[in-house]
Amino acid sequence: MKYFAIGDIHGCFEPFSQLVRNHWNSDNEQLILTGDLIDRGPRSYECIVLAKQLHEKYGAIILQGNHECEFLMWLDHQKDAGLSWYDDLEPTIKSFYNDENAIHIYEKEQIAAHILKNFQSEIHFLRQAHLYFETPKYLFVHAGVDLTKENWKDTEEADYYWIREDFINGVNSTGKRIVFGHTTTRELHSLPSDDVWFSPCKTKIGIDGGVVFGGKLHGIRIDEENDKINIISV
């Protein structure tokens, strides 16, 4: 089986579209989006729509990112959410409106109600995201897993999309190579670099190239049967 996994997109629609359109082979590669489709970049809504189309037409696997989780929690509980949440989500909220000034005109409760009412299929799609995708030799996840657990599947739900150092520095005894995003590769390399990161043990592969920060959007092509990896970056 062959897989094509794409790292954190963060509302950067053009490189996302370019990777899918020019480099992914829909005939024989399972597409996996490792989460954080949204936030920070300006075109989050378009990224959601494209991801949804890829899921519906080709069976693309969408993993839950912490930014999708925050967005959904804000929509459901915006009265209890702090102002910082609202500020963090501003680019995503704006992308749901044709009028960029709408975010300054309406109250946050009105905005949440508008999105929940008028974008039901898109929000339902985000709610259906997977925590991980497992193959015989690989594990795809947004942030990582709890490597201190005897069985990694006992990882707490939030850790799948929030964990950082404990996973990155932990010993991988899962028997699988773990492909993950969440932590930008420039934070993982010993010298600043947006290239894909391979752990010293070669069993963890970081693919968040920080595209929204001026870095790269990575696609990683994995031929599991022949144990080959090819990296495409835009």
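Helices are DSSP runs of H or I with at least four residues, strands are runs of E with at least two, and both are numbered from the N terminus. The model on screen is predicted: local features need pLDDT of at least 70, side-chain atom pairs count only at pLDDT 80 or more, and totals for chains, interfaces and linings use all residues. Residues are numbered from 1 along each chain as its sequence is written, and side-chain values use heavy atoms, with hydrogens and water left out.

**Stop 1: the largest pocket**

Select helix 3, residues 66-77. This helix gives the most to the lining of the largest pocket, with 3 residues. A pocket here is an open set of points on a 1 Å grid over the protein atoms alone, with protein on both sides within 12 Å along at least five of seven lines; lining residues have an atom within 4 Å of a point.

Which classes make up the lining? It has 9 charged, 5 polar and 2 nonpolar residues. Asp, Glu, Lys and Arg count as charged; Ala, Val, Leu, Ile, Met, Phe, Trp, Tyr, Cys and Pro as nonpolar; the others, Gly among them, as polar.

**Stop 2: the cavity**

A cavity is a set of grid points where a 1.4 Å probe fits but cannot get out. The structure holds 1 cavity of 30 Å³ or more. The largest cavity has about 30 Å³ of space. Select L37, I62, L63, Q64, E68, F125, L126 and A129 to see its lining. By class, that lining has 6 nonpolar residues, 1 polar and 1 charged.

**Stop 3: K52**

Is K52 buried or exposed? Its relative accessible area is 16%, so K52 is buried. The buried class lies under 20%, exposed over 50%, and partly exposed in between, with a 1.4 Å probe and protein chains only.

Show the side chain of E56 as well. A polar contact of 2.8 Å joins it to the side chain of K52. Such a contact is a pair of N or O atoms within 3.5 Å; within protein, one must be able to donate a hydrogen and the other to accept it, and residues adjacent in sequence count only if both atoms are side-chain atoms. Beyond four places in sequence, K52 touches S121, E122 and F125. Contact means heavy atoms within 4.5 Å.

**Stop 4: S95**

Go to helix 4, residues 83-95, and pick S95. S95 is buried, at 17% relative accessible area. A polar atom of its side chain lies 2.6 Å from the backbone oxygen of T92. Leaving aside neighbours within four places in sequence, S95 is in contact with P42, R43, S44 and Y45.

**Stop 5**

Finish on the open sheet of 5 strands, in the order 4-5-6-8-7, with mixed pairing. Strand 4 (132-134) and strand 7 (197-198) are at the edges, each with a single partner strand, so one side of each has no neighbour in the sheet. Two strands pair if DSSP finds at least two bridges between them.

Walk across the sheet:

- Strands 4 and 5 run antiparallel, joined by 3 bridges. Y132 has V141 as its bridge partner in strand 5.
- Strand 5 (138-141) pairs with strand 6 (177-180) in the parallel sense over 4 bridges. Select L139 and its partner in strand 6, I178.
- Strand 6 pairs with strand 8 (204-206), again parallel, over 3 bridges. V179 has I205 as its partner in strand 8.

How values were computed:
Points joined across faces, edges and corners; volume = space filled by probe spheres on them.
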